[in-house]
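Dear colleague,

I am handing over the structure below, and after it I set out what was found.

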Amino acid sequence: GDIMLTVVYPPSPPSWAQRHFLGTTSMGGDVLAILFGGWQQAIIASVLFVTFVFAVGVAVGGMLGYFGGILDLIGTRLIEIWSVLPFLFIVMIVSSVISPSLFLLVVIISLFSWMSTTLYIRTAALKEKARDYVASARLLGASTPRIIFKHILPNSIAILVTLAPFEVAAIITSLAALDFLGFGLPPEDPSWGRLLHEGTEDFNYPWIVSSAFTAMTFVLVLVTFVGEAVRE
């Protein structure tokens with residue numbers, strides 16, 4: 001007898017028979033596989049971003065807060081100038097010249113995101129510097145590096161635990177937003193932002209946008225709850 005073949009053109013809806021449990025995109029990519037790839041990208045980006053931002057924040061903020069004076073005055077003015085530079089335009093320029101990798105994108109976003117952590121650490125260092133135990137350590141002849149690393153920093157960096165979940169949420173949403181606008185990762189890389197963009201362009205295929213939206217919401221809520229638990 002004749003064998004009937006059904007050809008399914010992408011995007012195809014979720015199907016157990018086709019082994020595409022969340023359907024496919026217009027390019028024929030498996031939505032579940034793209035979500036998993038995007039999740040891996042988000043973890044790598046978060047680790048790189050938080051490491052960079054906290055390292056710069058602690059170093060620069062601690063220095064401004066502890067030494068104060070003219071250094072603090074010049075440093076805070078430079079931070080104010082840097083914070084008003086147009087971040088999106090710079091990303092657009094870089095994306096038009098080269099196809100940025102995940103590492104390069106994270107570096108660019110980090111260059112515009114270290115200021116708030118720096119100012120928090122600066123405030124904490126200023127507060128700790130005025131405490132009696134710092135004055136006692138100084139009177140007992142403790143060196144400046146010892147006072148900074150043994151006394152001020154351990155008491156100042158507790159604030160990083162509170163800031164960490166917000167930083168992770170910020171890098172995940174920033175990457176998704178850049179991919180959504182078309183200035184993010186190269187087309188061959190899995191991306192939640194690109195999935196959202198494709199889903200919102202045509203609502204006839206609701207499984208694309210709903211999968212990306214659910215995944216992003218779930219991860220961001222999870223990050224917030226984990227951060228809350230760690231802080232407690």
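A salt bridge is counted where a side-chain nitrogen of Lys or Arg lies within 4 Å of a carboxyl oxygen of Asp or Glu. By that criterion, a search of the whole structure finds four salt bridges. Before the details, please note that this is a predicted model, in which local features need pLDDT of at least 70 and side-chain atom pairs count only at pLDDT 80 or more, while totals for chains, interfaces and linings use all residues. Residues are numbered from 1 along each chain as its sequence is written, and side-chain values use heavy atoms, with hydrogens and water left out.

Salt bridges

One of the four salt bridges joins the side chains of Asp 72 and Arg 122, at 2.6 Å from N to O. Asp 72 belongs to helix α2 and Arg 122 to helix α5, so this pair ties together parts that are 50 residues apart in sequence; helices here are DSSP runs (H or I, at least four residues), numbered from the N terminus. Asp 72 and Arg 122 are both buried, where buried means under 20% relative accessible area, exposed means over 50%, and partly exposed covers what lies in between (1.4 Å probe, protein chains only).

Another salt bridge brings together the side chains of Glu 80 and Arg 77, at 2.9 Å from N to O. Glu 80 and Arg 77 are three residues apart in helix α2, and are therefore separated by about one helical turn. Glu 80 is partly exposed, with a relative accessible area of 42%, and Arg 77 also counts as partly exposed, at 40%.

In helix α10, Glu 228 and Arg 231 are likewise three residues apart, separated by about one helical turn, and their side chains meet in a salt bridge of 2.9 Å, N to O. Glu 228 is partly exposed at 36% relative accessibility, and Arg 231 is partly exposed at 41%.

Aromatic pairs

A pair of aromatic rings is described by the distance of the centres and the angle of the planes. Rings of Phe, Tyr and Trp (its six-membered ring) pair if their centres lie within 6.5 Å, and planes under 30 degrees apart count as stacked, over 60 as edge-to-face and the rest as tilted. The structure holds three such aromatic pairs. In one of them, the rings of Trp 82 and Phe 112 have their centres 5.6 Å apart and their planes at 15°, so the pair is stacked. Trp 82 sits in helix α2 (residues 69-83) and Phe 112 in the loop between α4 (102-111) and α5 (115-129), so the pair ties together parts that are 30 residues apart in sequence. Trp 82 is partly exposed, with a relative accessible area of 32%, whereas Phe 112 is buried, at 15%.

Phe 112 also pairs with Phe 87: their ring centres are 5.5 Å apart and their planes stand at 55°, so this pair is tilted. It links distant parts of the chain, with Phe 87 in helix α3 (residues 87-97) and Phe 112 in the loop between α4 and α5, 25 residues apart. Phe 87 is partly exposed, with a relative accessible area of 26%. Trp 82, Phe 87 and Phe 112 form one aromatic cluster.

Buried residues of α4

In α4, Leu 102, Leu 105, Val 106, Ile 108, Ile 109 and Ser 110 are buried. What covers them includes α1 (31-67), α3 and α8 (159-181).

Pockets

On a 1 Å grid over the protein atoms alone, a pocket is an open set of points where a 1.4 Å probe fits, with protein on both sides within 12 Å along at least five of seven lines, and lining residues have an atom within 4 Å of a point. Grid points are joined across faces, edges and corners, and a volume is the space filled by probe spheres set on the points. The largest pocket holds about 310 Å³ of space. Of the 17 residues that line the largest pocket, the closest to its centre are Ser 46, Pro 165, Val 168, Val 223 and Val 226. α1, α8 and α10 (206-231) each supply at least two residues of this lining.

Kind regards

Key. Contact means heavy atoms within 4.5 Å.
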